[in-house]
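Please work through the following exercises with the model open beside you. Try each task before you read its solution.

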Amino acid sequence: MSDFDTKSAQAVAMASLQTAENISKMMLDAVADQQERQQKHLSETVELIQSLLNPKSD
């Protein structure tokens, strides 16, 4: 394997690692966003249930 071939292989490997890292970050961000949406939905559901069980009198 020539020096050029070795450097090309290293460049491809580094690009692949960078791509994998970027995909991992995107997936982690998507999971965090989903968890935030779920937490908001759960909080809204709790508030609704509390208002139904304990209606405010005017």
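Helices (H or I, at least four residues) and strands (E, at least two) are DSSP runs, numbered from the N terminus. The model is a predicted one, in which local features need pLDDT of at least 70 and side-chain atom pairs count only at pLDDT 80 or more, while totals for chains, interfaces and linings use all residues. Residues are numbered from 1 along each chain as its sequence is written, and side-chain values use heavy atoms, with hydrogens and water left out.

**Exercise 1.** Describe the fold and the overall dimensions of the protein chain.

*Solution.* Begin with the secondary structure: the protein chain has one helix and zero strands. Ala 15 lies in helix α1, and Ile 23 also has its place in this helix, which covers residues 3-53. Next, turn to the radius of gyration, which is taken over C-alpha atoms and compared with a globule rule of 2.2 Å times the number of residues to the power 0.38. For a compact globule of 58 residues the value would be near 10 Å, whereas the protein chain has 25 Å. Then consider the box filled by the C-alpha atoms, which is roughly 85 × 15 × 5 Å along the principal axes. Finally, take one distance within the chain: Ala 15 and Arg 37 are 22 residues apart along the chain, and their C-alpha atoms are separated by 33 Å.

**Exercise 2.** Find the salt bridges, and describe where the partners stand in the helix.

*Solution.* Recall first that side chains of opposite charge can pair when their charged atoms come close. A salt bridge is a side-chain nitrogen of Lys or Arg within 4 Å of a carboxyl oxygen of Asp or Glu, and a search of the whole structure finds two of them. In one, the side chains of Asp 3 and Lys 7 meet at 3.6 Å, N to O; these residues are four apart in helix α1, so about one helical turn separates them. Asp 3 counts as exposed, since its relative accessibility is 52%. In the other, the side chains of Lys 25 and Glu 21 meet at 3.4 Å, N to O, and because they are four residues apart in helix α1, they too are separated by about one helical turn. Lys 25 is partly exposed, with a relative accessible area of 46%, and Glu 21 is partly exposed, with 37%.

Technical notes. Buried means under 20% relative accessible area, exposed over 50%, partly exposed in between (1.4 Å probe, protein chains only).
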